[in-house]
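Welcome! Open your viewer, get your selection tool ready, and follow along stop by stop.

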2 protein chains.
Amino acid sequence: MGIGVGPGDPETVTLQAVRALHHADRVVAPSLAPDAVGRAESIVRQVAPDLTVERLVFDMSAVAGDRLASHRAAAAALTPHLDAGEEVAFATLGDPNIYSTFSSIAAAVTAARPNTRIRTVAGIMAFQDLAARSATVLLDGTETLQLVTALDGPGPLVEALTNEDQAVIVYKGGRHLPAILKALANAGRIDDAVIGELLGLPGERIGPARDWPDQPASYLATVIVAPSKRHP
Amino acid sequence: MGIGVGPGDPETVTLQAVRALHHADRVVAPSLAPDAVGRAESIVRQVAPDLTVERLVFDMSAVAGDRLASHRAAAAALTPHLDAGEEVAFATLGDPNIYSTFSSIAAAVTAARPNTRIRTVAGIMAFQDLAARSATVLLDGTETLQLVTALDGPGPLVEALTNEDQAVIVYKGGRHLPAILKALANAGRIDDAVIGELLGLPGERIGPARDWPDQPASYLATVIVAPSKRHP
C-alpha cells in the first residue's frame with residue numbers, strides 16, 4: 001500500500017494516512033542508505049512516533065537500467081512479507097500516484113507477484129503546499145492547469161506558458177532553474193511565478209521567481225505560475 | 001482562512017486542517033440555504049464534532065453578476081467578526097486554491113477590508129482521491145498532466161487529449177458527460193479513463209469510462225485519463 005505523506009510538513013498528512021500507517025503490519029520508506037533517514041521516514045516518525053520504519057535502499061541517481069534493478073531488489077525484499085500475508089505500507093513523499101517511486105515499486109511487485117493487491121492513500125502535493133504558503137490562487141472559473149517536469153530542461157515549460165489562461169507547475173526543475181527563470185522572463189510570466197524548496201523543512205525557502213538566485217536549486221524545488229490573464 | 005477539507009471522505013482531511021478548524025474563533029461553510037447542511041459542513045462535523053459551523057448562504061446557480069453580489073454579501077457577513085479580531089475559518093471542498101469558492105470570498109473580503117490577512121490550508125483534491133480509489137497511476141517520469149474544466153463543453157479536453165504522454169483531468173463536466181465520453185472515444189483514450197462522483201459519500205460511483213452511463217452526471221463528477229503511451 002502506497003501512502004502519501006505530503007511534501008515535508010507532518011501537519012499536511014491526512015487522517016487516512018496516519019490510520020493506514022498504524023493499521024499496516026509493516027511500514028517501509030525509501031532511503032539512500034541503510035543508515036540514512038529519508039524524508040518520508042522522518043515524516044512518519046513525527047506523525048506516528050511509536051512505529052518502526054524499515055528502510056528500502058534506492059540509488060536515486062542510478063541510470064534507467066540500474067534503477068529498474070534497484071526497484072526489483074526492493075520488490076524482492078518485500079515479497080516474503082507479502083507472502084506471509086502482511087499488509088505492507090510504503091510511505092512516500094507527496095502523492096503516491098504522481099511522480100512517485102511507489103508506482104515503480106508497485107509495478108515491480110506486481111511483475112513478481114501478480115495477485116498482490118495494490119492500494120494507495122492520496123497525499124498533499126508540493127505545489128498545493130506551496131500555493132497555500134505563498135497565498136497563490138492557482139485556478140478559478142475555466143482556467144486550466146498544466147503540470148510539467150523540467151528534468152531535461154525548460155522545453156515543456158516554454159510550451160505550457162504560451163496559454164496565459166493556464167496555471168503552470170514545474171517539478172524536478174532544480175538543476176535547470178536558471179533556464180526556467182529565463183523562460184519565465186521571456187514569456188512575460190516571471191511576476192506570476194513563485195518558487196519553493198524544502199517545504200515544511202529546516203532551510204525552507206519560498207519566494208517570488210523574480211527575486212530568486214540565478215543558480216541551481218534542490219532537485220525537488222517546485223515552481224508555480226499563476227494564470228496571467230487575471231491581471232491585465 | 002480557507003481550509004481545504006478534501007472531496008468528501010472525512011479521512012482525507014489533513015492534521016493541519018483539523019488543527020486550524022479547532023484553533024479558529026469561528027468556523028463557516030458554504031451552504032445553499034440557512035437550513036441546508038453543505039458537504040463541507042458535513043465533513044467538519046465528522047472530523048470535529050464539538051465545533052459549531054455557521055452557514056454562509058450562496059446561490060451556486062446564480063449568473064456572474066448575481067454571484068459577485070452573493071460573494072459580497074458573504075464577505076459583508078464576515079466583516080464584523082474580522083473587525084473584532086476573530087480568526088475565521090472557511091471550510092471548503094477540495095483545495096482552497098483550486099477552483100474554490102474561497103478564492104472569490106477572499107477577494108470580496110480583501111476588496112472591502114484591504115488589510116485582512118488571507119491564509120489557506122491545502123486539501124486533497126477529488127482527482128487525487130479518485131486516482132487512489134481506482135488504482136490509477138497518473139504520472140511517471142517526464143509525463144505531464146493537464147487539468148481542464150468542461151463547464152462550456154468538451155473543447156479544452158479534446159485539445160488536451162492530443163498529447164498521449166499527458167494525463168488529463170476534467171472537472172465540472174457532469175452536465176456534458178455524454179460529449180466527454182464521445183471525445184474520449186474519438187481520441188482513442190476511453191480505455192485509459194476513469195470517472196467518479198460523490199467520492200467518499202453515500203451513492204459514490206467509480207468506474208471505467210467505457211462502462212459509464214451515457215447521461216449527465218453530478219456537477220462535481222471527475223474524469224481522470226491516464227497517459228496512453230505507457231501501454232503501446
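**Before you start**

You are looking at a predicted model, in which local features need pLDDT of at least 70 and side-chain atom pairs count only at pLDDT 80 or more, while totals for chains, interfaces and linings use all residues. Residues are numbered from 1 along each chain as its sequence is written, and chains are lettered from A and ligands numbered from 1 in the order in which they are written.

**Stop 1: the two chains**

Two copies of a chain are related by a rotation about an axis and a shift along it. Here, chain B is superposed on chain A by a rotation of 180° with 0.0 Å of shift along the axis, giving an RMSD of 0.0 Å. The two copies are thus related as by a two-fold rotation axis. Such a superposition is done by least squares on the C-alpha atoms of residues with pLDDT of at least 70 in both copies.

Now select the place where the chains touch. How many residues does the contact take from chain B and from chain A? It takes 38 residues from chain B and 38 residues from chain A, where a contact means that two C-beta atoms, placed from the backbone, lie within 7 Å. On the side of chain B that touches chain A, the elements giving two or more residues are helix H1 (15-23), strand S5 (120-121), H5 and strand S6 (144-149) of chain B. Helices (H or I, at least four residues) and strands (E, at least two) are DSSP runs, numbered from the N terminus. S6(B) gives the most to this side, with 6 residues. By class, this side of chain B has 20 nonpolar, 12 polar and 6 charged residues. In this count Ala, Val, Leu, Ile, Met, Phe, Trp, Tyr, Cys and Pro are nonpolar, Asp, Glu, Lys and Arg are charged, and the others, Gly among them, are polar.

**Stop 2: a sheet across both chains**

Select S6 in both chains. Strand S6 (residues 144-149) of chain A pairs with S6(B) in the antiparallel sense over 3 bridges; two strands pair if DSSP finds at least two bridges between them. Zoom in on A:Leu147, which stands opposite B:Leu145 in S6(B).

Next, show the whole sheet. It is an open sheet of 10 strands with mixed pairing, in the order S9(A)-S8(A)-S10(A)-S7(A)-S6(A)-S6(B)-S7(B)-S10(B)-S8(B)-S9(B). Which strands are the edge strands? They are strand S9 (205-208) of chain A and strand S9 (205-208) of chain B, each pairing on one side only. Neighbouring strands of this sheet are turned by 15° against each other on average, direction ignored.

Axes are lines fitted to C-alpha atoms, for helices over the stretch in contact, and angles run from 0 to 180 degrees between N-to-C directions.

**Stop 3: inside the sheet**

Select S7(A). S6(A) and S7(A) run parallel and are joined by 6 bridges; the bridge partner of A:Thr149 in S7(A) is A:Tyr171. Are the residues of S7(A) buried or exposed? In S7(A), 6 of its 6 residues are buried. A residue is buried if 20 or more other C-beta atoms lie within 10 Å of its own, exposed if 12 or fewer, and partly exposed in between, with C-beta atoms placed from the backbone. A:Gln166, A:Val168 and A:Val170 point one way from S7(A), and A:Ala167, A:Ile169 and A:Tyr171 point the other way.

**Stop 4: two residues in loops**

Select B:Tyr99, found in the loop between strand S4 (88-92) and helix H4 (101-112) of chain B. Its phi is near 50°, a positive value in a residue other than glycine. B:Tyr99 counts as buried because it has 25 C-beta neighbours inside 10 Å.

Finish at B:Lys172, in the loop between S7 and helix H7 (177-186) of chain B. The phi of B:Lys172 is near 55°, again a positive value in a residue other than glycine. With 18 other C-beta atoms within 10 Å, B:Lys172 is partly exposed.
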